[in-house]
Amino acid sequence: ADARAASAASASASTRIRGDANSRRRATRARATARAAMGDASDVPRVVVPEAYVRFAEALADAAGGTTTKYFRARGVEVEDKKDSSPVTIADQQAEAVMRAMVTREYPTHAIFGEEHGIELGAGGSSEWTWVFDPIDGTKSFITGKPLWGTLIALLHDGEPVLGILDQPVLKERWIGVSGRVSTMNGEPISVKPCESVGDAYMYSTTPLMFEGMNAARYETLARKVKIPMYGCDCYAYGLLAMGFADLVVEADLKPYDYMALVPIVKGAGGYMTDWKGNALRFTAERASLESGEFQGEVIACGDAKVLRAAVATLSKTLF
């Protein structure tokens with residue numbers, strides 16, 4: 001009788017634990033839904049993204065994936081070094097060219113900004129709607145056979161990222177974020193997870209080598225505060241954060257095409273994405289801004305407002 005009672009008590013406790021965990025997940029998803037649908041004062045959608053644009057963005061991802069996967073782990077793919085010493089392959093160049101041609105054909109008034117071929121304004125010099133492409137974010141992973149790279153596709157409205165896709169065609173994983181909606185991965189709603197403090201945070205960055213000078217000192221201060229600092233996922237880390245598997249992503253030395261697509265995904269999952277000062281991430285398609293370096297190059301993504309405040313406090317501080 002005692003054994004049966006103990007077994008029943010254990011089963012009851014286990015049920016409560018599972019129930020509590022499910023309740024926490026439902027609550028987190030509800031918060032994500034609320035933030036995506038209404039936003040806080042700074043996140044209220046200023047424009048409704050047409051469904052046709054969302055479908056078109058997926059078609060762009062399909063086309064890019066059809067190109068990049070032909071070259072992934074193919075022996076003998078030539079790698080060139082760009083002016084900034086970063087590598088580029090024929091897969092990068094062809095995938096972006098395919099996407100650019102599709103936009104020019106379907107939406108000639110839309111502007112385009114891509115890593116490989118720069119800025120191209122729409123017909124009549126328009127840039128109200130701007131597509132931002134990184135055909136292979138994580139080219140070093142791509143050329144070394146690691147499937148944690150991704151194709152990034154963003155659509156900006158007057159400089160604000162309102163639609164984003166992170167596509168990993170080898171693993172067949174696709175994250176979609178649209179302003180005013182809950183983000184999805186392969187069609188299923190996703191949400192970030194709560195994190196009580198920065199000391200509990202699992203933090204990703206692509207590499208510690210992306211931080212230099214004062215940025216390096218700030219980053220190292222934050223890295224000592226988090227639970228575990230990790231490296232090596234490129235854009236994939238943001239997808240993991242949006243699904244609740246990581247708590248914080250901190251990066252520097254980025255260009256707008258490295259992160260614009262990720263903003264709607266993270267925010268639509270209930271998370272936050274800002275620069276190191278806590279400002280919203282925006283980009284206007286102007287060559288002068290790029291040439292002068294007048295764009296936000298340091299970003300924070302996190303799932304909990306408490307962690308965001310702690311990260312901004314550390315990363316915006318003058319240390320020497």
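Where is Asp234 found? Asp234 sits in the loop between strand 12 and helix 6. The model is predicted.

**Positive phi**

- Asp234 is not a glycine, yet its phi is positive, at about 50 degrees.
- Asp234 has 14% relative accessibility, so it counts as buried.
- Asn186 also has a positive phi of about 50 degrees, and it is not a glycine either.
- The loop that holds Asn186 runs between strand 9 (184-185) and strand 10 (188-189).
- Asn186 counts as partly exposed, because its relative accessibility is 43%.

- Eight strands form an open sheet in the order 4-3-5-6-7-8-9-10. Its pairing is mixed.
- Strand 4 (118-120) and strand 10 are the edge strands. Each has a single partner strand, so one side of each lacks a neighbour in the sheet.
- Strand 3 (residues 111-114) and strand 5 run parallel, joined by four bridges.
- Within this pairing, Phe113 stands opposite Val132 of strand 5.

**Strands 11 and 12**

- Strand 11 (residues 202-205) pairs with strand 12 (residues 228-231). The sense is parallel, and there are four bridges.
- Between these two strands the chain passes through helix 5 (residues 213-225). This β-α-β crossover is right-handed.
- Ser205 faces Tyr231, a residue of strand 12.

**Aromatic pairs**

- The whole structure holds twelve aromatic pairs.
- One of them joins Phe56 and Trp131. The ring centres are 5.5 Å apart and the planes stand at 75 degrees, so this pair is edge-to-face.
- The two residues come from distant parts of the chain, 75 residues apart. Phe56 belongs to helix 2 (residues 51-71), and Trp131 to strand 5 (residues 129-137).
- Phe56 and Trp131 are both buried.
- Both also belong to one aromatic cluster, together with Tyr53, Tyr107 and Trp129.

**Nonpolar cores**

- The largest nonpolar core contains 60 residues. Leu222, Leu248, Val250 and Met273 have the most contacts inside it.
- Helix 6 (residues 236-242) gives the most to this core, contributing six residues.
- Leaving aside residues up to four places away in sequence, Leu222 touches Val198, Met203, Leu248, Val250, Ala311, Thr314 and Leu315.
- A second core is separate and has 25 residues. Among them are Met102, Val103, Val162 and Ile176.

**Cysteines**

- How many disulfides are there? The count is zero.
- Cys195 counts as buried, because its relative accessibility is 4%.
- Cys233 is likewise in no disulfide. Its nearest cysteine sulfur is that of Cys235, 9.1 Å away.
- Cys233 has 7% relative accessibility, so it too counts as buried.

Key: Residues numbered from 1 in each chain as written. Predicted model: local features only at pLDDT ≥ 70, side-chain atom pairs only at ≥ 80, totals over all residues. Heavy atoms only, no water. Pairing = 2+ DSSP bridges. Right-handed = clockwise from strand over helix to strand, strands pointing away. Phe/Tyr/Trp six-rings, centres within 6.5 Å; stacked < 30°, edge-to-face > 60°. Buried < 20%, exposed > 50% of the residue type's maximum accessible area, 1.4 Å probe, protein only. Core = buried A, V, L, I, M, F, W, Y, C linked by side-chain atoms within 4.5 Å. Contact = heavy atoms within 4.5 Å. Disulfide = S-S within 2.5 Å.
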